[in-house]
Amino acid sequence: MSDMAKEKAARLLKKRGSLSSLGSHEVRAKETAGKTKDSISTVSYIDEPGQHDDNQRHAVQMENTYQLGPVKRFPAMAVNNILKDVLTSYLQEEKYEAELCRQMTKTISEVIKARVKDLMIPRYKIIVLISIGQLSEQNMRFGSRCLWDAGSDTFSSYTFKNSSLFAVANVYAVYYE
Amino acid sequence: MEEYHSGDESWHPLILRLPLQCIEGIIGGMDYNQNKVNQWTASIVEHSLTTLVKQGKHFKYIVNCAIMQKSGAGLHTASSCYWDITTDGSCTVRWENRTMYCVVSVFAVAVSL
């Protein structure tokens, strides 16, 4: 996909109100690279301030809900089953291939987000993070820390492995007061 | 110093680069070491989180860190988020040196006050 086509697709998705992660690193508004003596780093983020439409710049002022906590709590176990389901069905027979897995990560993250949204838990924001990697001689470590309200926010995680690849899926649910 | 109002996301670029300095400070110049990687991920994540919190913005943060040994294997990461794009944002930092890759993702979700 050419750069122009990519940007057009990104703008179209933004207009529809959903900025899909169709680019894990393709829809990048800004990327800066840095180099030190023996390491290279890149920083990228999805939103670029100033690219939103004017009427979206001002956040909506919310009225007080007078609710002390979530009415319906996020079902971490149900989400765990969703993750197990989706990862197994999509990846059971697959072998690691760069292009396939690149598409697969994007597709799977969208599918999981859609299925979690279908649970219709009100006032929860959802973040889905997927990593698919090749199984070889390497070692790797994933770590995650969250600063949130432990009474209302939660997460769910699942790891899938077959003979040539592994996949880690994390879903974070943050309550919007 | 500019005034940042809630809903004004122009601070995203500045703040969400802080994890990069944390990574540099903790594993910059080191080689991949199986015994220490557990400690490294924990410190990177905690340090990034405390630095972000010190900025004093009313956000909930989720910081995710992956450290992988360089062996020719491939890794793909994707994220999909259902949130308010006027107030929430995310940032991913990819860092590598001779022996390992480090990918840190920070998600910031607004809290209404």
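How much area is buried between chain A and chain B? About 5,700 Å², with carbon and sulfur atoms giving 54% of it; buried area here is the accessible area (1.4 Å probe) that two parts lose on being put together, summed over both. Start by selecting Arg141(A), Arg145(A) and Leu147(A): they supply 13% of the area that chain A buries against chain B, more than any other three residues.

Before moving on, know that this is a predicted model, where local features need pLDDT of at least 70, side-chain atom pairs count only at pLDDT 80 or more, and totals for chains, interfaces and linings use all residues. Residues are numbered from 1 along each chain as its sequence is written, chains are lettered from A and ligands numbered from 1 in the order in which they are written, and side-chain values use heavy atoms, leaving out hydrogens and water.

Next, show the whole contact (heavy atoms within 4.5 Å). You'll have 66 residues from chain A and 64 residues from chain B on screen.

Now zoom in on Lys125(A) and Asp88(B), whose side chains meet in a salt bridge at 2.8 Å, N to O. The rule for that is a side-chain nitrogen of Lys or Arg within 4 Å of a carboxyl oxygen of Asp or Glu, and it finds three across this interface.

Last stop: color strand S4 (140-147) of chain A and strand S1 (residues 59-69) of chain B. Strands are DSSP runs (E, at least two residues), numbered from the N terminus, and two of them pair if DSSP finds at least two bridges between them. These two run antiparallel over eight bridges. Pick Ser144(A), and you'll find its bridge partner, Asn64(B), in S1(B).

Notes: Helix = DSSP H or I, 4+ residues; strand = E, 2+ residues; numbered from the N terminus.
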